[in-house]
Amino acid sequence: MSDFEAAYALWVALSTLGVAQYAAVSNGLRGIVILRRWPGATKVCSALIVIGAFAWFFISEDRNLPDTGAGLDGVEQARWFALAATASLLVQLGVSSIVNHRWGASHGWDPTEERWPPAGLTWLERTTFAQAIAARIRATFGGSR
Amino acid sequence: MDGAIVRFLNAGVGNVALFDWLMNVLVSDYFVPVAGSLLLVALWMTGTHETRPQNQITTMIAAGGIGGANAITTIINGIVDRPRPFVDNDLTLLFYAPTDPSFPSNTASVGFALATAVFLRHRRLGGVLYALAFCWGFARVYAGVHYPTDVLGGAVVGVVAAFATAGLFRLLSFVPRYALRWLRLVYAA
């Protein structure tokens, strides 16, 4: 990995952290908000992270490098964006699942009454990603009944 | 006419340092694509249980539109080998000297494909993306790496690609619906 690729990946990962946390708190997806108890602070911190990441990337160095040389061409950029954004989202899902574990346990799904747990992002309004996945696995492989 | 516009705009390079810095950021290969992609990440998560799926389909259309615009541009670039404006004009480059053909502008096609795909569903957000795409195209002309008609051609390619992708998604609507159903099972949609 070149220095430029590392800088690009870090910029994307940090920006994705800010954008995803802002979107999550604005849309009530509390299970994936890391600072769940402080929605206002989450919005401010998220905005600052995005602005800071953009400012750092463009102010620290001249980023207009030839895409046939040290820069990234379209395909490389798409690949690095996907990799860095996915890694950032996975870290957020992991961290938010840990810090919200106790809150997420009271998600309201009773496996003795409903065969399948609710599907989709909407359920992350009431539980964490790890608990949602665990419930889905239990239901799929019959362990919940 | 095309060359005269580039020379007129490019004559401004070096006059106002702050404006040059702003153009230097905007003209970059990274600013608009990353900002646009981050907006798509936010759009994917936005909405209620009822409205979110449509936003997610819009995100897929935008991604498909960008891919389509890129492919069409690459094909046209292979047929129309137009030299960059700095080859035939005495310009001050604010960007590295690209080696691929000038027409149509790939950046404009990508920017306008993204904006059009989003505009079809969200007028305000689409409007913001159109403004970004326009600024990106303007910066490319100002920096001396594209003629205005390259940007115009790229914009047409982008709009056509977005409409074609939206039409394809409507025609094969079961594919994105099916994909979303599976993604919902792992809480990714």
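**Entry 1: helix 3 of chain B**

Which residues are buried in helix 3 of chain B? Before answering, my bookkeeping: this is a predicted model, where local features need pLDDT of at least 70, side-chain atom pairs count only at pLDDT 80 or more, and totals for chains, interfaces and linings use all residues. I number residues from 1 along each chain as its sequence is written, letter chains from A and number ligands from 1 in the order in which they are written, and take side-chain values from heavy atoms, with hydrogens and water left out.

Now the answer. I find Val32(B), Pro33(B), Val34(B), Ala35(B), Gly36(B), Leu38(B), Leu40(B), Val41(B), Ala42(B), Leu43(B), Trp44(B) and Met45(B) buried. My cut-offs are under 20% relative accessible area for buried, over 50% for exposed, and partly exposed in between (1.4 Å probe, protein chains only).

Helix 3 of chain B runs over residues 31–45 and reaches 22 Å from first C-alpha to last, close to the expected 21 Å at 1.5 Å a residue. The expected span is 1.5 Å times one less than the number of residues. Helices here are DSSP runs (H or I, at least four residues), as strands are (E, at least two), numbered from the N terminus. Just past the end of this helix, Gly47(B) has a positive phi of about 120°.

**Entry 2: where A meets B**

I counted contacts (heavy atoms within 4.5 Å). On chain A, 41 residues are in contact with 32 residues of chain B. The two chains bury about 2800 Å² between them, with 67% of it on carbon and sulfur atoms. Buried area here is the accessible area (1.4 Å probe) that two parts lose on being put together, summed over both.

Which three residues supply more of chain A's buried area than any other three? They are Phe58(A), Asn64(A) and Leu121(A), with 23% of the area that chain A buries against chain B.

I then looked for polar links. Between chain A and chain B I get 10 residue pairs in polar contact, both residues at pLDDT 80 or more. A polar contact is a pair of N or O atoms within 3.5 Å; within protein, one must be able to donate a hydrogen and the other to accept it, and residues adjacent in sequence count only if both atoms are side-chain atoms. My count of salt bridges between the two chains is zero.

On the side of chain A that touches chain B, helix 1 (3–26), helix 2 (39–60), helix 3 (74–99) and helix 5 (129–140) of chain A each supply at least two residues. Helix 1 of chain A gives the largest share, 10 residues. By type I get 27 nonpolar, nine polar and five charged on that side.

**Entry 3: Thr122(A)**

I picked out Thr122(A), in the loop between helix 4 (101–104) and helix 5 of chain A. It is buried at 18% relative accessible area. Its side chain makes a polar contact of 3.2 Å with the side chain of Arg52(B). Leaving aside neighbours within four places in sequence, Thr122(A) is in contact with His49(B) and Arg52(B).

**Entry 4: salt bridges**

How many salt bridges turn up over all chains? I get five, with a side-chain nitrogen of Lys or Arg within 4 Å of a carboxyl oxygen of Asp or Glu as the test.

Asp29(B) pairs with Arg140(B), closest N and O atoms 2.7 Å apart. Asp29(B) is in the loop between helix 2 (17–26) and helix 3 of chain B and Arg140(B) in helix 7 (residues 123–142) of chain B, so this bridge ties together parts 111 residues apart in sequence. Asp29(B) is buried at 13%, and Arg140(B) is buried at 4%.

Arg82(B) forms a salt bridge with Asp150(B), again with the closest N and O atoms 2.7 Å apart. Arg82(B) is partly exposed at 24%, whereas Asp150(B) is buried at 0%. I also see Asp2(B), Arg82(B) and Asp150(B) linked in a network of salt bridges.

**Entry 5: Gln92(A)**

Not counting residues up to four places away in sequence, Gln92(A) touches Thr16(A), Leu17(A), Ala20(A), Gln21(A) and Ile34(A).

Note on methods
Nonpolar A, V, L, I, M, F, W, Y, C, P; charged D, E, K, R; others polar.
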